[in-house]
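Thanks for coming. Please have the sequence and the 3D view open while I talk.

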Amino acid sequence: MSYTHVVKTIRHPLWENAYRITIAIPKERAPEEGYPVLYVLDGNAYGVLFENVVALQSLHTESTGVSLSVIVSIGYEQEDIFPPQRVYDFTPKSEVINLPEYPPGAPWPISGGAEHFLELLKEVKEIVRQMLDMNDEQQLIFGHSLGGLLLVQTLVREPQLFSHYYICSPSLWWNQEQVLQEALQISQVECAIFIAVEQEVKHRMYENARSLFCHLESLPLQSVQFHTSPHENHLSIVPTSISQALRFLMNKK
């Protein structure tokens, strides 16, 4: 399977570098119900990875469960795989911010733009809708780390925006677990959710992700799966969980 790529740019509200939206459309004809669409946050880092994994596994859908899909990578017009803009885009507003030391020892980039980013996601979905026949019941989204945090915020505020969520190693420690506490108040969810996390003690990565899973699993109409491995870290959990995540999500209606 190969793709035709269409690239769109959308102005960022704060930075000179725009968002770069890369839409990878299979050259094969769309199924009668339309293409499934997989939206990939941190597109600079993960867009090509997902294109390749889906292309390979969709060659044998009958055994992998992975279908021919459109891949929409949401990244930035710069070469950094994890640019500082993502901190703004993926984090919630808060009057008080309490954070651990930033990894490079410098001040944290500006944060609090998640509401704007949710509006961007709606805009991107409409762009895709106007371009091609898509399956409204197969609208998947992937987010890792702060991107995973953004997906949990989406579940809290607008869960119907996507039908299937792949939440990978979410940074639920952000601002003293602000988003996690909101997520633990969710009373109903009707989408399919796959949560993957490494067994990391630092920042309570595993403990927080497990708490989120246990709460979601207790809800009516839930369809949620949890994946972990003692051998992975915060970055390696992504490539090692993709196949299981896609098989689970793409076979949940």
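I will go through the strands, the cores, the aromatic pairs and then the charged pairs.

First, the ground rules. This is a predicted model, in which local features need pLDDT of at least 70 and side-chain atom pairs count only at pLDDT 80 or more, while totals for chains, interfaces and linings use all residues. Residues are numbered from 1 along each chain as its sequence is written, and side-chain values use heavy atoms, with hydrogens and water left out.

Let me start with strand β4. Helices (H or I, at least four residues) and strands (E, at least two) are DSSP runs, numbered from the N terminus. I call a residue buried under 20% relative accessible area, exposed over 50% and partly exposed in between, using a 1.4 Å probe and protein chains only. With that in hand, how many residues of β4 are buried? Seven of its seven are. Val70, Val72, Ile74 and Tyr76 point one way from the strand, and Ile71, Ser73 and Gly75 point the other way.

Now the partners of β4. Two strands pair if DSSP finds at least two bridges between them. β2 pairs with β4 in the antiparallel sense, over six bridges, and Ala24 stands opposite Ile71 there. β3 pairs with β4 in the parallel sense, over five bridges. Val40 has Ser73 of β4 as its bridge partner.

Next, the cores. In soluble globular proteins, nonpolar side chains tend to be buried together. A nonpolar core here is a set of buried Ala, Val, Leu, Ile, Met, Phe, Trp, Tyr and Cys residues joined through side-chain atoms within 4.5 Å. The largest one has 55 residues, and the members that touch the most others are Val72, Leu121, Tyr165, Ile193 and Ile195. Which helix gives the largest share of this core? That is α4, with seven residues.

On to the aromatic rings. A pair of rings is described by the distance of the centres and the angle of the planes. Rings of Phe, Tyr and Trp (its six-membered ring) pair if their centres lie within 6.5 Å; planes under 30 degrees apart count as stacked, over 60 as edge-to-face and the rest as tilted. The whole structure has 18 such pairs. In one of them, Tyr19 and Tyr76 have ring centres 5.7 Å apart and planes at 35°, so the pair is tilted. Tyr19 is in β2 (residues 19-26) and Tyr76 in β4 (residues 70-76), 57 residues apart. Both ends are covered: Tyr19 is buried at 0% relative accessibility, and Tyr76 is buried at 2%.

Another pair is Tyr206 with Phe226, with centres 5.8 Å apart and planes at 75°, so this pair is edge-to-face. Tyr206 sits in helix α7 (residues 205-217) and Phe226 in strand β8 (residues 223-229), 20 residues apart. Tyr206 is partly exposed at 28%, whereas Phe226 is buried at 14%.

Last, salt bridges. I count one when a side-chain nitrogen of Lys or Arg is within 4 Å of a carboxyl oxygen of Asp or Glu. The structure holds eight. Arg86 bonds this way with Asp42, the closest N and O atoms being 2.8 Å apart. Why does this pair tie together parts that are 44 residues apart in sequence? Because Arg86 lies in helix α3 (residues 85-90) and Asp42 in the loop between β3 (35-41) and α1 (43-57). Both Arg86 and Asp42 are buried.

Glu158 is buried at 18%, and Lys122 is partly exposed at 28%. Arg129 and Asp136 form another salt bridge, at 3.0 Å. Salt bridges that share partners also join Glu119, Lys122 and Glu158 into one network.
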